[in-house]
Amino acid sequence: MYQFDINTGGAKAELYREMLGALDALTAGEPDAIANMANAAALIWEYLPDLNWSGFYRMVGDELVLGPFQGKAACIRIALGSGVCGTAAATRETQLVADVHAFPGHIACDAASASELVVPIVHDGRLIGVLDLDSPSPGRFDAEDAAGCEALVRLLAPRIAG
């Protein structure tokens, strides 16, 4: 149904601009939060190299609950403040972790994960959940990845706020 030709020649900033346009096209006018998260996870999985997990945890009650994702089966519930995802949710700050094994309280859902990027999703002051990306390569994510994913989340937040 959707055909995207994202070919940036390796320029990371351009890759994220292209992904932002594709995400806009995929989610514009779609009111279903789960469908929008599912398409976002698939888009990220397809176009960001060197990932072993791409997906969402949704804020349900007072904990994070697994949402749509691409990758191996994952932890279902994460307490606020626990691990990288729970820390991002509790602080509402992006967590850029070069070595997850050095992160206090890291939750190892996949032993192959070496680095992680988690972006909190906030809309109208309310925490909706987090975008979570894992990589088997240490130091995979940098400030450009954080900024690119934060832009994706800003676009997506009102479309999954329900």
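User: How are axes and angles defined here, and at roughly what angle do helix 1 and helix 2 cross?

Analyst: Axes are lines fitted to C-alpha atoms, for helices over the stretch in contact, and angles run from 0 to 180 degrees between N-to-C directions. This is a predicted model, where local features need pLDDT of at least 70, side-chain atom pairs count only at pLDDT 80 or more, and totals for chains, interfaces and linings use all residues. Residues are numbered from 1 along each chain as its sequence is written, and side-chain values use heavy atoms, without hydrogens and water. The axes of helix 1 (residues 12-27) and helix 2 (residues 33-47) come within 10 Å and cross at roughly 150 degrees.

User: Are helix 1 and helix 2 roughly parallel or roughly antiparallel?

Analyst: Angles under 35 degrees count as roughly parallel, over 145 as roughly antiparallel, 65 to 115 as roughly perpendicular and the rest as oblique. The crossing is at roughly 150 degrees. Helix 1 and helix 2 are therefore roughly antiparallel.

User: Which residues form the aromatic cluster?

Analyst: Rings of Phe, Tyr and Trp (its six-membered ring) pair if their centres lie within 6.5 Å; planes under 30 degrees apart count as stacked, over 60 as edge-to-face and the rest as tilted. The count comes to two aromatic pairs. Tryptophan 53 and tyrosine 57 are stacked, 5.8 Å centre to centre with 25 degrees between the planes; tryptophan 53 and phenylalanine 69 are stacked too, at 5.1 Å and 15 degrees. The one cluster is Trp53, Tyr57 and Phe69.

Technical notes
Helix = DSSP H or I, 4+ residues; strand = E, 2+ residues; numbered from the N terminus.
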